[in-house]
Amino acid sequence: MVLHCYSHFLAHSLPKELKGNLIIFCADVASAMFIRATGRNLQIAYGQSLKFLDLVKLSEKSDILPSGDIAALVYLWNPFTIVACVGLSTSPVENLAIILSLYGACRRIAPLAAFGWVMATHLSLYPVILIIPMILLLGYGPDTPPRKLFLQRKYVEVGDTPSNDRCQQGEAVDQPELPYVFSWRPVIHFLFWTSLWLVYVLVLCGVSVKQYGGLWELFKRTYGFMLTVQDLSPNMGVLWYFFAEVFDFFRNFFLIVFHGNILFMILPLAIRLKHRPFFLAFVYIVISSMLKSYPSVGDSALYLGLLGLFVNELADMKFSFFLFCGYIGVSLLSPVMHNLWIWRGTGNANFYFATAMAYACLQIILVVESVSAMLNHDRKLRKLSATKVLDGKT
């Protein structure tokens with residue numbers, strides 16, 4: 001009875017804006033909770049990898065920060081998250097679907113991962129590229145150092161052990177299973193549940209839009225609208241200005257070029273970062289946020305929150321202070337330039353487009369420097385492991 005009265009009060013007493021803010025607020029809180037849980041899982045896997053490589057002293061000497069708590073706080077108190085919530089944007093719901101899929105893949109919960117990925121792809125087309133890091137997460141598990149280190153470690157412990165020392169050989173054989181073995185079972189479960197959820201969503205959408213032209217009309221007005229960039233209203237991206245200036249004869253060519261850039265980066269990054277699938281998903285999200293047709297501040301809130309999950313690995317990342325100041329500057333200048341151009345009429349499109357270009361450059365620097373810092377961290381672990389192996393031989 002009390003629950004019925006409370007729901008009746010929410011339905012009739014609260015204004016529509018407040019009810020929308022409550023839904024978005026709940027989505028942001030749920031996203032932060034899933035980010036925190038994912039960070040703990042990644043940190044546990046990282047500690048187990050260091051223990052397997054006999055680099056526990058590295059974690060004891062350096063202060064390992066609680067990455068899950070930091071990432072959740074960064075996501076919740078990010079100004080971009082607050083602006084998206086106040087502006088009644090639907091991006092927090094899209095972010096929740098993406099985070100839910102990554103959490104399910106990290107925990108190897110195939111139905112949850114498939115549901116999140118299907119809903120994220122349904123709400124926004126660009127998360128479709130996340131299927132590659134999700135398959136790697138389901139097959140290999142959470143992020144680990146390069147798998148060559150584990151092979152090298154096992155070779156030293158098993159192959160180079162003296163035959164007369166059976167005690168040491170027994171200890172080497174009793175080491176836990178190497179984390180480089182790919183497991184197909186959760187991947188097959190994920191593909192099965194993905195097809196199941198996909199059929200379910202398509203059937204519901206087909207029934208809902210049957211009187212409006214069917215599924216083809218739905219795809220044309222949603223995904224086709226995003227891919228063809230029909231609306232050239234000013235936004236945080238750079239495509240609106242470019243396609244407003246380009247000749248119509250070259251429009252299809254540049255549409256293929258801009259959308260193809262996202263696809264061209266998928267395979268090289270997947271090959272290089274296959275041992276860190278969650279970080280690979282973070283890089284994919286930043287790239288898609290930079291090159292998508294209609295970006296929003298909610299996209300930045302998502303990848304900046306996920307960036308906190310790698311606070312330990314990216315501790316030596318360059319230009320961190322420059323990126324911090326750059327994001328603050330763009331956040332302050334973008335509404336000012338938009339007001340000068342649209343409302344006051346004292347500026348032109350170049351004023352606002354300059355902030356959009358600066359924003360895109362900051363995202364490029366973030367991708368390049370974060371990937372470089374992660375690879376340098378792996379090289380550091382490789383050197384420490386090689387030194388440990390040499391000390392063990394001597």
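Q: In which helix does S300 lie?
A: In this predicted model, S300 lies in helix α18, which spans residues 297-307.

Q: How is one to decide whether S300 is buried or exposed?
A: The general idea is a cut-off: a residue counts as buried under 20% relative accessible area. S300 has a relative accessible area of 0%, so S300 is buried.

Q: Which residues are in contact with S300, leaving aside its neighbours within four places in sequence?
A: Four residues are to be named here: N78, F80, Y359 and Q363.

Q: How does L76 compare as a second case; where is its place, and what does its relative accessibility make it?
A: L76 belongs to helix α4.

Q: Which residues make the nonpolar surface patch?
A: L76 is one of its members, together with L73, W77, I82 and V86, and the patch amounts to about 530 Å². Helices α4 (67-76) and α5 (79-86) are the elements that give two or more residues to it.

Q: How many residues has the largest nonpolar core, and which have the most contacts inside it?
A: The general idea is that such a core consists of buried nonpolar residues joined through their side-chain atoms. Here the largest one has 89 residues, and F279, F282, V283, Y303 and L306 have the most contacts inside it. Helix α20 (residues 349-393) gives the most to this core, namely 13 residues.

Q: What does F282 touch, not counting residues up to four places away in sequence?
A: F282 touches Y303, L306, L307 and F310, and also S370. Of these partners, Y303 and L306 are themselves among the core residues with the most contacts.

Q: How many helices and strands has the protein, and what share of its residues is buried?
A: There are 20 helices and zero strands. Of the 394 residues, 45% are buried. Among contacts between residues at least 6 apart in sequence, 76% join residues at least 24 apart. The accessible surface comes to about 21500 Å², and carbon and sulfur atoms account for 68% of it.

Q: Which residues does the UniProt annotation "transmembrane region" cover?
A: According to the unreviewed UniProt entry, the annotated ranges include 80-103, 249-271 and 349-375. Such an annotation may be inferred rather than shown by experiment. In the model, residues 80-103 are 83% helix and 0% strand, with end C-alpha atoms 22 Å apart. Residues 249-271 are 87% helix and 0% strand, and their end C-alpha atoms are 36 Å apart.

Methods: Residues are numbered from 1 along each chain as its sequence is written. This is a predicted model: local features need pLDDT of at least 70, side-chain atom pairs count only at pLDDT 80 or more; totals for chains, interfaces and linings use all residues. Side-chain values use heavy atoms; hydrogens and water are left out. A nonpolar core is a set of buried Ala, Val, Leu, Ile, Met, Phe, Trp, Tyr and Cys residues joined through side-chain atoms within 4.5 Å. Buried means under 20% relative accessible area, exposed over 50%, partly exposed in between (1.4 Å probe, protein chains only). Helices (H or I, at least four residues) and strands (E, at least two) are DSSP runs, numbered from the N terminus. Contact means heavy atoms within 4.5 Å. Patches are made of residues with over 30% relative accessible area and no salt bridge: like charges are joined within 9 Å, nonpolar side chains (Val, Leu, Ile, Met, Phe, Trp, Tyr) within 5 Å. Accessible areas come from the Shrake-Rupley method with a 1.4 Å probe; for residues, only the protein chains shown count as cover. A salt bridge is a side-chain nitrogen of Lys or Arg within 4 Å of a carboxyl oxygen of Asp or Glu.
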